[in-house]
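Biologist: Let us go through this structure by question and answer. Please show the model.

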Amino acid sequence: MFIVFEGIDGTGKSTQVKMLTEALQERGLAVQSSYEPTNGQYGKLLRESMTRPEGRYPLAEELDLFYKDRQEHVETLINPALEREEVIILDRYYYSMMAYQGARGVDVDEIRAKNEEFATTPDLIFVLTVPIEVSLERIGVRDGEGNAFEKRENLEKCADIFASLEDDNLFFIDATRSPAEIHEEIRRLTLGYML
Ligand code: ADP
Ligand code: TYD
């Protein structure tokens, strides 16, 4: 089973990935979690670009690196885990590309189509949603002081794209609640899907 968490920065994705991973492990399931951008050769370059003085890569290069990072992730970690019938839980996947590179002007439907050529489709997608103010507060930045991906205007565009997503098994989750309340809803939806 393949589960993906999405949403803008500071919505609580990594908190929920951890909670769901532990809850499923406690039920005796083999669960692995991971994230994009990864710590692989391409993901490292992308992470560095978030804080380096030159700023983000030009759009074409940034897209290319995210595609290569995802391809490597699918081939070396995601698909092998699914073949072993494990549960794999991701903090970000290609919906983030639709939102963040879409916000830079790339056609969102084209991004989806190109990803679906090689990236395994998840069984469940949880899009965590909070108002931008809450997101900025949680990432501990004041307006305009986040890293290169976390500028308010950019996050607003990304949030709009996330809100427009439609997919089978895609759920919007109100992430303004406490971590425990959010987890309870996600756990219920996940176990419901597994039955
Ligand atoms: P993301 O992975 O989406 O960037 P994190 O899980 O890292 O988000 O959470 C960002 C910050 O907000 C962390 O300091 C975390 O402890 C806090 N946080 C996470 N979930 C909640 C929540 N439901 N309510 C309040 N604060 C939260
Ligand atoms: P993330 O690891 O969530 O940031 P942090 O380590 O600060 O919590 O992701 C880094 C950034 O990468 C995030 O702002 C969104 C962006 N991103 C894209 O632009 N395109 C993509 O395809 C993916 C997966 C992430």
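**Ligands and local geometry**

Biologist: Which residues come nearest to ligand 2?
Modeller: This is a predicted model. The shell around ligand 2 holds 15 residues. Those that come nearest are Phe66, Arg70, Arg92, Tyr100 and Gln101.

Biologist: Which residue places a backbone N or O atom 3.4 Å from an oxygen atom of ligand 2?
Modeller: The cut-off for a polar contact is 3.5 Å. This contact uses the backbone rather than a side chain. The residue is Met97.

Biologist: How much of ligand 2 does the protein bury?
Modeller: Ligand 2 sits in the largest pocket. Taken alone, ligand 2 exposes 560 Å². The share of that area buried by the protein is 83%.

Biologist: Which element supplies the largest share of the shell around ligand 2?
Modeller: Two helices, α3 (59–83) and α4 (94–103), each give at least two residues to this shell. The largest share is 4 residues. It comes from α4.

Biologist: How many residues of the shell around ligand 2 are charged?
Modeller: The shell of ligand 2 includes 7 nonpolar residues and 2 polar ones. The charged residues number 6.

Biologist: Turn to ligand 1. Which residue has a polar backbone atom 2.9 Å from an oxygen atom of ligand 1?
Modeller: The residues around ligand 1 include Gly10, Thr11, Gly12, Lys13 and Ser14. A polar backbone atom of Thr11 is 3.2 Å from an oxygen atom of ligand 1. The residue at 2.9 Å is Ser14.

Biologist: Which side chain has an N or O atom 3.3 Å from a nitrogen atom of ligand 1?
Modeller: Among the residues around ligand 1 are Arg138, Arg177 and Ser178. The contact at 3.3 Å is made by the side chain of Arg138.

Biologist: What percentage of the accessible area of ligand 1 does the protein cover?
Modeller: On its own, ligand 1 has 560 Å² of accessible area. The protein covers 64%.

Biologist: Which helix gives the most to the shell around ligand 1?
Modeller: Both α1 (13–26) and α8 (179–194) supply at least two residues. The top contribution is 3 residues. The helix is α1.

Biologist: How many residues in the shell around ligand 1 are polar?
Modeller: This shell has 2 nonpolar and 4 charged residues. The polar residues number 6.

Biologist: Now the aromatic rings. Why is the pair of Phe2 and Tyr93 edge-to-face?
Modeller: The count comes to 8 aromatic pairs. In the pair of Phe2 and Tyr93, the ring centres are 5.2 Å apart. Planes over 60 degrees apart count as edge-to-face. The planes of Phe2 and Tyr93 stand at 70°, so the pair is edge-to-face.

Biologist: How many residues apart in sequence are the parts that this pair ties together?
Modeller: Phe2 is in strand β1 (residues 2–6). Tyr93 is in the loop between β3 (87–91) and α4. The pair therefore links parts whose separation in sequence is 91 residues.

Biologist: What is the phi of Glu85?
Modeller: Glu85 lies in the loop between α3 and β3. Its phi is positive, in a residue other than glycine. The value is near 60°.

How values were computed
Residues numbered from 1 in each chain as written. Chains lettered and ligands numbered in written order. Predicted model: local features only at pLDDT ≥ 70, side-chain atom pairs only at ≥ 80, totals over all residues. Heavy atoms only, no water. Near = heavy atom within 4 Å. Polar contact = N/O pair within 3.5 Å; in protein donor to acceptor, adjacent residues only side chain to side chain. Areas by Shrake-Rupley, 256 points an atom, 1.4 Å probe, with all protein chains shown as cover. 1 Å grid on protein atoms, 1.4 Å probe; cavity = no way out; pocket = protein on both sides within 12 Å on 5 of 7 lines; lining within 4 Å. Sits in = over half its atoms within 2 Å of the grid points. Nonpolar A, V, L, I, M, F, W, Y, C, P; charged D, E, K, R; others polar. Phe/Tyr/Trp six-rings, centres within 6.5 Å; stacked < 30°, edge-to-face > 60°.
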